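Here is a request from someone meeting this chain for the opening time: please walk through its build, step by step, in questions and answers.

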Amino acid sequence: MEAATQASAGETERPVTNPADGTTAGAVHVHTRDEVAAAVVRCREAQASWATLSYSQRGRLLKRYRDALLDARDEITDVLCLETGKPRADALGVELLYVCDAIGFWAKQAGRYLSDRVERPHLLRTKRAYSTYKPRGVIGMITPWNFPLVLSVGEAIPALMAGNGVVIKPSSETPLIAELCTRIADQSGLPAGLLSCVTGSGRTGDDLIDFVDMISFTGSVETGRKIQIRCAEQLKPSTMELGGKDPAIVCRDADLERAANGCVWGGLTNAGQVCISIERIYVDERVYDPFVEKLVEKVSALRQGPPDADADIGCMTSESQLREVEEQVEDAREQGAQVRCGGRRVEGRSGFWYEPTLITGVTSEMRIMREETFGPVLCVQSVSDEAEAIRLANDSPFGLSASVWSRDKQGATNIARRIEAGAVCVNDHMVHMLIPEVPMGGVKESGIGRRHGAEGIRKYCDQQTLVVDRFGLRSEPIWYPAPRGRERIFRRMLNVLYRSGWRNKLFG
Ligand code: NAD
């Protein structure tokens with residue numbers, strides 16, 4: 001959870017911390033309610049002209065924006081690293097790459113996903129019916145700190161391609177990158193204010209809800225619940241991309257080398273601060289020992305260091321999240337779990353450093369196996385067979401994503417279908433995030449709605465049905481004056497439609 005989300009009264013500026021050394025990285029203005037309202041008005045004005053453009057015109061302008069982002073890639077990398085502490089390669093190769101790819105993808109696909117669908121009414125043959133998509137207006141995007149570029153600007157791209165304006169409320173831990181990239185948007189030729197940003201605390205997000213037409217939220221379950229209640233009070237649409245506690249199931253016949261490499265990366269990349277990080281590994285007891293041996297070796301070999309050290313793993317982004325990790329690991333240790341590597345705050349280093357950690361001997365009752373950890377910690381539990389693995393994997397309020405590791409792809413796919421999660425990968429983890437053709441999102445407490453795929457752009461639209469009369473008769477059978485003996489006519493009609501030999505052919 002973001003620390004100290006509510007601004008204190010009268011606060012006009014919020015400092016931003018460099019998590020790699022604990023120094024101050026900068027500060028952002030705390031937008032007042034009136035300033036939030038003004039940003040939405042400005043965005044709405046820009047959106048009015050933006051919505052009149054064709055998909056290809058929007059795509060062209062967004063590609064110009066992409067050029068401007070690429071021109072600024074060094075500054076973008078610097079700012080991302082400064083406020084998150086992630087390795088420079090991850091800032092560039094994951095965050096900026098995602099946004100550039102998203103612009104190309106949605107510029108090409110938006111028209112296809114949002115084109116009018118013509119329907120031939122099965123009953124009212126004299127009508128032509130279309131289902132169409134219209135932009136909702138201004139989308140408020142409330143975002144977290146773990147991928148502050150992907151989840152703000154990256155998620156804004158389909159909303160923009162659908163013809164909306166977007167006002168981002170970034171996390172107060174990492175607001176600088178959204179500030180920079182929305183400034184670049186204004187300079188790149190996009191209508192001024194179309195993609196903009198308001199900064200501050202949770203209260204700023206709360207204010208934003210009141211002025212926009214829809215909320216797209218990514219963050220914790222706790223905040224998501226509050227936001228959805230507020231949206232419901234105003235009957236405002238919202239989508240929720242929330243937390244996770246991803247399981248990985250390692251079967252008896254898994255390629256242990258690939259599974260171990262995949263689990264270490266899938267659990268510890270971005271210092272484990274990924275909603276779809278592997279946090280629970282269930283391993284068949286027949287391969288448990290050799291698998292754990294491989295994990296110990298690989299986790300111990302990870303290089304941890306500051307953004308420019310070309311390390312595998314950086315620091316954590318938030319002090320409060322680091323404390324959460326410390327508490328969960330201590331709780332597991334006290335209850336008898338074994339810390340096989342790591343398990344401590346890095347000594348002698350200022351900033352938010354926690355060692356890459358591997359824990360065995362955990363049980364399903366421990367906090368570390370039930371609550372989202374969101375840190376560089378892998379927990380491994382032995383299971384007797386796949387049925388037990390599936391039962392434990394599903395024994396969670398979360399259902400974001402999961403993975404199954406086995407040489408038998410068909411068998412693994414069958415297991416995958418029985419897991420309660422929005423996405424399951426076989427012999428890989430979290431790669432669905434990089435396949436925008438398929439939907440991504442959660443079940444159970446992990447969320448409502450999807451990013452990516454058709455749903456990932458249609459959610460930013462109001463659906464409108466158009467019905468056009470084909471023949472222009474003077475009147476219709478159901479209009480006035482009501483024909484005499486109407487009841488008799490309908491009786492016969494019901495018989496003809498649903499009791500005669502025609503029924504299966506025409507009306508089902
Ligand atoms: P958070 O819920 O604390 O904050 C998210 C955003 O909500 C921030 O911008 C914050 O300022 C804002 N906010 C807080 N209180 C608010 C309120 N009352 N009204 C309006 N806005 C408010 O989450 P976080 O700590 O920034 O992020 C970590 C969480 O995000 C984890 O649970 C992680 O799993 C989740 N996450 C989910 C996905 C996904 O796609 N499902 C992706 C990334 C992160």
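Predicted model: local features only at pLDDT ≥ 70, side-chain atom pairs only at ≥ 80, totals over all residues.

Residues are numbered from 1 along each chain as its sequence is written, and side-chain values use heavy atoms, with hydrogens and water left out.

Q: What radius of gyration does the chain have, next to that of a compact globule with 508 residues?
A: The radius is taken over C-alpha atoms, and the globule rule is 2.2 Å times the number of residues to the power 0.38. For 508 residues that rule gives a value near 23 Å, and the chain agrees with it, having a radius of gyration of 26 Å.

Q: What percentage of the residues in the chain is buried?
A: A residue is buried when its relative accessible area is under 20%, exposed when over 50% and partly exposed in between, using a 1.4 Å probe and protein chains only. Of the 508 residues in the chain, the buried share is 53%.

Q: How are the rings of Phe105 and Trp106 arranged?
A: Rings of Phe, Tyr and Trp (its six-membered ring) pair if their centres lie within 6.5 Å, and planes under 30 degrees apart count as stacked, over 60 as edge-to-face and the rest as tilted. The structure holds three aromatic pairs. In the one formed by Phe105 and Trp106, the centres are 4.9 Å apart and the planes stand at 80°, so the arrangement is edge-to-face.

Q: How many residues apart in sequence are the parts that the pair of Trp145 and Phe374 ties together?
A: These two rings form an edge-to-face pair, with 5.4 Å from centre to centre and 75° between the planes. Trp145 lies in the loop between strand 5 (138-142) and helix 5 (150-161), and Phe374 in the loop between helix 12 (367-370) and strand 14 (377-383), so the parts tied together are apart in sequence by 229 residues.
A: Asn427 lies in the loop between strand 16 (423-426) and strand 17 (447-448). Because its relative accessibility is 17%, Asn427 counts as buried.

Methods: Helix = DSSP H or I, 4+ residues; strand = E, 2+ residues; numbered from the N terminus.
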